[in-house]
Amino acid sequence: MEMEEKQAQVCQETGEEALDAGEQEDFETLIRGKYKEEFDARVRKILDGRLRGMRQENLRLKEQQLRQKEEAVQRLSRLREQEGAVRRLYPEFCWQEELKNPQFGRLVLAGAEPVEAYETVHRQELMEKAMRYAAGRTRKQVAGSLATMGRVAENGGRSIAVTACDPRGLTSRDLADIRKRVLDGEKIRF
């Protein structure tokens with residue numbers, strides 16, 4: 001019964017007429033008897049064609065997987081090699097710790113440079129650090145400017161003549177003071 005249902009379904013799909021019960025029986029007798037070898041050969045050919053396509057696809061997928069694995073190994077190797085360069089910019093960088101973060105791992109395996117991946121993952125932290133640094137630097141510069149603005153004019157407010165200073169006569173204390181003033185942004189002229 002099941003065979004007849006399958007035959008009817010195939011006939012509906014292809015538009016052919018279904019075999020009646022007697023013809024079906026004759027067909028079965030022929031493919032099991034007189035035409036068994038030809039029928040089996042045709043079935044094998046059909047199956048081999050389908051299996052060949054599946055084997056080729058399977059082989060292609062395995063090769064693709066192998067290439068992806070090799071690329072991942074190369075990218076991780078490059079990450080280890082570039083650790084020193086990244087640490088010069090970000091001393092707290094440790095590639096083993098960073099790989100625990102899935103976002104960093106995905107970026108590196110996708111081909112992003114380690115510095116770019118680190119900056120992407122830690123963008124918020126780096127922005128906060130930069131803002132704190134800029135605020136501290138500005139605070140020092142403003143304090144230095146206010147300190148020089150508030151000085152009282154010497155000699156009763158009269159103008160005084162300034163003579164050029166000879167740098168050879170400066171003491172180490174004077175040089176240290178000048179260095180500090182330069183670091184705070186002041187321009188020194190002799």
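Helix H9 is followed by Gly185, whose phi is positive, near 105°; helices here (H or I, at least four residues) and strands (E, at least two) are DSSP runs, numbered from the N terminus. The structure is a predicted model, in which local features need pLDDT of at least 70 and side-chain atom pairs count only at pLDDT 80 or more, while totals for chains, interfaces and linings use all residues. Residues are numbered from 1 along each chain as its sequence is written, and side-chain values use heavy atoms, with hydrogens and water left out.

**Helix H9**

- Helix H9 (residues 172-183) has 12 residues and reaches 16 Å from its first C-alpha to its last, close to the expected 16 Å, where the expected span is 1.5 Å times one less than the number of residues.

**Salt bridges**

- Nine salt bridges are found in a search of the whole structure, each being a side-chain nitrogen of Lys or Arg within 4 Å of a carboxyl oxygen of Asp or Glu.
- Lys36 pairs with Asp40, with 2.9 Å between the closest N and O atoms, and both residues lie in helix H3 (residues 36-81), four residues apart, about one turn of the helix.
- Lys36 is partly exposed at a relative accessible area of 39%, as is Asp40 at 26%, given that buried means under 20% relative accessible area, exposed over 50% and partly exposed in between (1.4 Å probe, protein chains only).
- Glu83 and Arg87 meet through their side chains in a salt bridge of 3.4 Å, N to O, and they are separated by about one helical turn because they are four residues apart in helix H4 (residues 83-89).
- Glu83 counts as buried at 17% relative accessibility, whereas Arg87 is partly exposed, with a relative accessible area of 37%.
- Lys129 forms a salt bridge with Glu92, the closest N and O atoms lying 3.6 Å apart.
- This pair links distant parts of the chain, 37 residues apart, with Lys129 in helix H8 (residues 123-149) and Glu92 in the loop between H4 and helix H5 (95-98).
- Lys129 is partly exposed, with a relative accessible area of 43%, and Glu92 also counts as partly exposed, at 40% relative accessibility.

**Nonpolar surface patch**

- Phe27, Phe39, Val43, Leu47, Leu51 and Met54 make a nonpolar surface patch of about 510 Å², with accessible areas taken from the Shrake-Rupley method with a 1.4 Å probe, for which only the protein chains shown count as cover for residues.
- Patches are made of residues with over 30% relative accessible area and no salt bridge, like charges being joined within 9 Å and nonpolar side chains (Val, Leu, Ile, Met, Phe, Trp, Tyr) within 5 Å.
- Helix H3 gives the most to the nonpolar patch, with five residues; Phe39 is found in helix H3 and is partly exposed, with a relative accessible area of 33%.

**Nonpolar core**

- The largest nonpolar core has 11 residues in all, among them Leu79, Trp95, Phe104 and Leu126; such a core is a set of buried Ala, Val, Leu, Ile, Met, Phe, Trp, Tyr and Cys residues joined through side-chain atoms within 4.5 Å.
- Helix H6 (102-109) and helix H7 (114-121) are the elements that give two or more residues to this core, and the largest share, three residues, comes from H7.
- Leu126 is in contact with Tyr90 and Glu119, leaving aside its neighbours within four places in sequence, where contact means heavy atoms within 4.5 Å.
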